[in-house]
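Have the sequence and the model open beside you, and look up each residue as you go.

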Amino acid sequence: MRVLADLRDSLTALAYPASCQVCGAMIERYDDGVACAACWTDAAITPLFNGPLCARCGLPVAGPRAEDCALSCGACAAFAFTAARACGAYAGAIEASILFLKSHPHLCRRLRQMILRTFAEQQPALAASVIVPVPLHRRRRRERGFNQAELIAKVLARAASLPLAPRLLTRVKPTERHRAGLDARDRARSVAGAFRAPDARPVLDQTILLVDDLFTTGSTLAAAARALLDAGARRVNVLTVARVVTGGAPGRDR
């Protein structure tokens, strides 16, 4: 097995860039994907969410640990979903991995383990009876060839032995690919009515885990959650790989 692992690592450059997309160092392990081990493990480069979080939207907040007190960021009361969580901030190795995932349908082992660890640690906030990936509009899906949210959802569904329903929600309204400069209100307006649950029967009384790669303002996730609730879902929780914490991510609205 060690020989096979060494051979696999030696072929890393065939599947991934040879240098770390964060710091430029050589990537030595296939499991690390597009970032080196140092960038994955340095909290200053790739911040993970290990401290207290807003009980609703999962934003890191100051205060006692979340399990001791129901904390709130004070800005997420209007979101349709019940709870949202992310593995870490949209930075460093996580950011590089998400950008790579937009064009390459593969999640490296380190990223998969991080997603599963967050899912396990954030129970019951992420409780679910069915997993639903945020869909792409059919035109975008045809251009890309795959939906990265569905790849993430498959990893979760397999590990948690939960049903995966990639067709339960559809995106009926295409949105702009780049929306730099739009504030949260404009972003929310741009995705209003963008989603629909064409068959309400599988949704009725279900607790749904909505899965995507990135939470920026929450507008897209809130719109998707609203469509599921309007179709009869009991509750919608959200898991994303990353969360934009400060600044922003131009052109990436979730």
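Is Ser-161 buried or exposed? Ser-161 is exposed, because its relative accessible area is 65%. The cut-offs here are under 20% for buried, over 50% for exposed, and partly exposed in between, worked out with a 1.4 Å probe on protein chains only.

Before the points, some ground rules. This is a predicted model, where local features need pLDDT of at least 70 and side-chain atom pairs count only at pLDDT 80 or more, while totals for chains, interfaces and linings use all residues. Residues are numbered from 1 along each chain as its sequence is written, and side-chain values use heavy atoms, with hydrogens and water left out.

1. **The overall picture.** The protein has 9 helices and 6 strands. Of its 254 residues, 48% count as buried. Take the contacts (heavy atoms within 4.5 Å) between residues at least 6 apart in sequence: 72% of them join residues at least 24 apart.

2. **Back to Ser-161.** You'll find Ser-161 in the loop between α7 and β3 (170-171). Its phi is near 55°, which is a positive value in a residue other than glycine.

3. **Another positive phi.** Asp-205 is not a glycine either, and its phi is positive, near 65°. Look for Asp-205 in the loop between β4 (195-196) and β5. Asp-205 counts as partly exposed, because its relative accessibility is 48%.

4. **A buried aspartate.** Now go to strand β5 (residues 207-215), where Asp-213 sits. Asp-213 counts as buried because its relative accessibility is 0%. What does the side chain of Asp-213 join at 2.7 Å? The side chain of Lys-102, through a polar contact. The side chain of Asp-213 also makes a polar contact with the side chain of Gln-148, at 3.3 Å. A polar contact is a pair of N or O atoms within 3.5 Å; within protein, one must be able to donate a hydrogen and the other to accept it, and residues adjacent in sequence count only if both atoms are side-chain atoms.

5. **Two helices crossing.** Two packed helices are described by the angle between their axes and the distance between the axes. The axes of α5 (residues 109-121) and α7 (residues 148-160) come within 10 Å and cross at roughly 60°. An axis is a line fitted to C-alpha atoms, for helices over the stretch in contact, and angles run from 0 to 180 degrees between N-to-C directions. So α5 and α7 are oblique to each other; under 35 degrees counts as roughly parallel, over 145 as roughly antiparallel, 65 to 115 as roughly perpendicular, and the rest as oblique.

6. **Who meets whom there.** On the α5 side you have Arg-112, Ile-115, Leu-116 and Phe-119, and they meet Ile-152, Val-155, Leu-156, Ala-159 and Ala-160 in α7. These residues divide into 8 nonpolar, no polar and 1 charged. For the sorting, Ala, Val, Leu, Ile, Met, Phe, Trp, Tyr, Cys and Pro count as nonpolar, Asp, Glu, Lys and Arg as charged, and the others, Gly among them, as polar.

7. **An enclosed helix.** Why is helix α4 (residues 92-101) called largely enclosed by the rest of the structure? Because 8 of its 10 residues are buried. Among those buried residues are Ile-94, Ile-98, Phe-100 and Leu-101.

8. **Arg-56 in its loop.** Arg-56 lies in the loop between α3 (37-41) and β1 (83-89), and is partly exposed, with a relative accessible area of 26%. Cys-76 is 20 residues away from Arg-56 in sequence, yet the two are 7.1 Å apart in space, C-alpha to C-alpha. A polar atom of the Arg-56 side chain lies 2.5 Å from the backbone oxygen of Phe-79.

9. The loop between α6 (138-144) and α7 holds Asn-147. Asn-147 is buried, with a relative accessible area of 4%. The Asn-147 side chain reaches the backbone nitrogen of Ala-149 at 3.1 Å.

10. **A cis peptide bond.** Finally, check the bond from Gln-123 to Pro-124: it is cis, with omega near 5°. Pro-124 lies in the loop between α5 and β2 (130-133).

Definitions and conventions. Helix = DSSP H or I, 4+ residues; strand = E, 2+ residues; numbered from the N terminus.
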